[in-house]
Structures are given as structure tokens and as C-alpha cells.
Amino acid sequence: MNRSQRWIAGAALALVACSSFAQTAWPAKPIKLVVPFPPGGGTDFVARLLAEKLTTQAGWTIVVDNKPGAGGNIGLDAVAKSPPDGYTLGLGQTANLAINPALYTKMPFDPLKDFAPIAPVASQPVVLLVNVSSPYKTLADVVAASKAKPESMRIGLAGNGTVGHLAGEMLERRAGIKILNVPYKGAGPAMTDLLGNQVELNFANTPVAIPQLAGGKVRALAISSPQRLKTVPQLAAVPTVAESGYPGFDAITWTGLVAPAGTPPAVVDRINSEVQKILKRPDVVEKLAVEGSTAAAESTPKQFADYIRSEHQKWGALIREANIKLD
């Protein structure tokens, strides 16, 4: 079935779903929440927190279904190809909705056409770290040293095409420097080599950075979000890249709920309303903060769709400019 045929079929199913929704109270059965990554990771943590609160607050039965693989593409593809009846949701994120479409020559879904965006859930910056023994105390120190001797500095990457990798590429272009990328198979090995002084830098996600900062083993020079992360004691005083001389710098991992394209607007709006209530709860804000995440600001489905489109364009332009491919 080609894309046009899928769209027509989806539209027909949506009409049926709308009619059904008008006649039958939704939800009438459990709702599946697809997480496109393995259990135990940051996206899974957010999904299970959201599922728990939707169950207690709205009285819905949410079943978390982990479908990892291909940088999140496998799980999100399963969502895209599910009936648009409100009973299958997905927790998308920067990687599979904004970055992967430019990294992969072929994608199993179109992130801008095959989903009904519902609501953003949380965001998380990456943190530029150095070993505590490093002579670099600020981002300006790193830039000055790199300009004096290009490619003399190595940055450990959790993997090619990650937000940490692309944050480094963005910094290189904004600062006019060249740093040698050293990709690893995961955040753990990259951190191990930073601690062992095998690499000089690491743009690490917050769950990896916070324990090392608390243990006094690394130093944080800057964070990649537009605002400081004041909810995390180890990062509250760390300046942003933007305020360190690069205005507008913004490189975050975000997560958000999506449904198959054609899902009835009434269902989308109802889920959005419940999610907005959850994200304002102090206990939810506190639990997200432990992982270095920030609850998303209030957003309509249309605003979330516009944000996904803007992120798709931003990361796509950077990936093409840097000529990064994973095929």
C-alpha cells in the first residue's frame, strides 16, 4: 500500500472512528502507549510516569509497550500504521520525529504526515562536560584552545546522530572551531573514557551527567537548553551555551505524545487536556527534575505540530550541512 492509499484508508478509518466516538464513550478499552526504546531509559521513565498519572487522574487503563530499534523508527512506525481510533499512542522524541528523517535515506514513516501530534511532555538538555582534572574551566577556554590548535580536542559521543553529537556540530559551526568526534556505542562507554582522560569533552545527557557531577568526577561547562536548569542542584549554576556567547543556541531532547494520523480531534483534544493537568502537578515536576528533565509548557496539538515541524527543519539543515548519514 503506497502513501496515498494509506492516507485514504486512514481518512476512512477516521470517519468511522469519529462516528464511533460520537456514539460510544471513549475510552472503552485499554490504551496502548508505544515506547520506541528499551525499558529503563529516559523515554521509558517519562512514558511510565505519564501512564501512571493518566490511570489515576483520568481513570484510563494505559498499557506501556516497548518496541525498540532503529533509533526509535520501529516503534513509531508501528504507531503510524495502527488504526486511528485513539487506542494506540506513541511517545515520540527529537530522534525519531526530527533527526532520523535527515539521517536515514529511507524512513518507514513521514513524521510530518503520518501522526496526529497531541502534546509535548518533557525536555532535557545535554551538558558539556570535562574531567575534573581538565584545565578548561569555561566554554570560552575550550573554544580558545580549539582555535589555537584545531582538532586537538576529542569529544566523546554516545553515538552518531544523537542530540549530543549534533549539539557538538552546532557548537563547532557557531564558534568556528573543529573538534574531533569519537563515537561510542552508548553514553556509558563515552563517559568512561572522559573519566579516564581518553577524550577531553562529552556532551552528555542529564541522567548520565548528574551522578558524575554529584561525585565530583567531572566539571560542567555549559548546558544546551535556552534556560538554565535551576531544578537540578548540580546544574543550577551552570551557564547555557547561549549565554556563553552563542545566542539562540538550543539543542534539547524532547518527548511528546502522538497518535496515528486521522485520530479523531475530540480524542486528541481530550488526551491533550489530561496531559496538561498532569504536567502542572508538583509531584510530576519533581520526578522529572530528578532526571534533569523539565515538564513541557502548555501547548495545543496545533502548537506541538508546529514545533515538530520547526525541529524537523532545524536538525535537517544541520545534518545536511555536516553531511552526516547512518545508512
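How many aromatic pairs does the structure hold?

1. The structure holds five aromatic pairs; rings of Phe, Tyr and Trp (its six-membered ring) pair if their centres lie within 6.5 Å, with planes under 30 degrees apart counted as stacked, over 60 as edge-to-face and the rest as tilted. This is a predicted model, in which local features need pLDDT of at least 70, side-chain atom pairs count only at pLDDT 80 or more, and totals for chains, interfaces and linings use all residues. Residues are numbered from 1 along each chain as its sequence is written, and side-chain values use heavy atoms, with hydrogens and water left out.

2. Tryptophan 26 and tryptophan 60 form an edge-to-face pair, 5.1 Å centre to centre with 70° between the planes. Tryptophan 26 lies in the loop between helix H1 (3–23) and strand S1 (31–35) and tryptophan 60 in the loop between H2 and strand S2 (62–66), so the pair ties together parts 34 residues apart in sequence. Helices (H or I, at least four residues) and strands (E, at least two) are DSSP runs, numbered from the N terminus. Tryptophan 26 is buried at 5% relative accessible area, and tryptophan 60 is buried at 4% (buried means under 20%, exposed over 50%, partly exposed in between; 1.4 Å probe, protein chains only). Ring pairs link Trp26, Trp60 and Tyr87 into a cluster.

3. The peptide bond from tryptophan 26 to proline 27 is cis, with omega near 0°. Proline 27 is in the loop between H1 and S1.

4. Helix H2 (residues 42–58) packs with helix H10 (residues 282–290) at an angle of about 165°, the axes being 11 Å apart. Axes are lines fitted to C-alpha atoms, for helices over the stretch in contact, and angles run from 0 to 180 degrees between N-to-C directions. That makes H2 roughly antiparallel to H10 (under 35 degrees is roughly parallel, over 145 roughly antiparallel, 65 to 115 roughly perpendicular, the rest oblique). On the H2 side, Phe45, Val46, Leu49, Glu52 and Lys53 meet Asp283, Val284, Lys287 and Leu288 in H10 (contact means heavy atoms within 4.5 Å).

5. Two residues other than glycine have positive phi: alanine 70, at about 55°, and asparagine 323, near 55°. Alanine 70 lies in the loop between S2 and helix H3 (73–80) and is partly exposed at 41% relative accessibility. Asparagine 323 lies in the segment after H11 and is exposed, at 61% relative accessibility.
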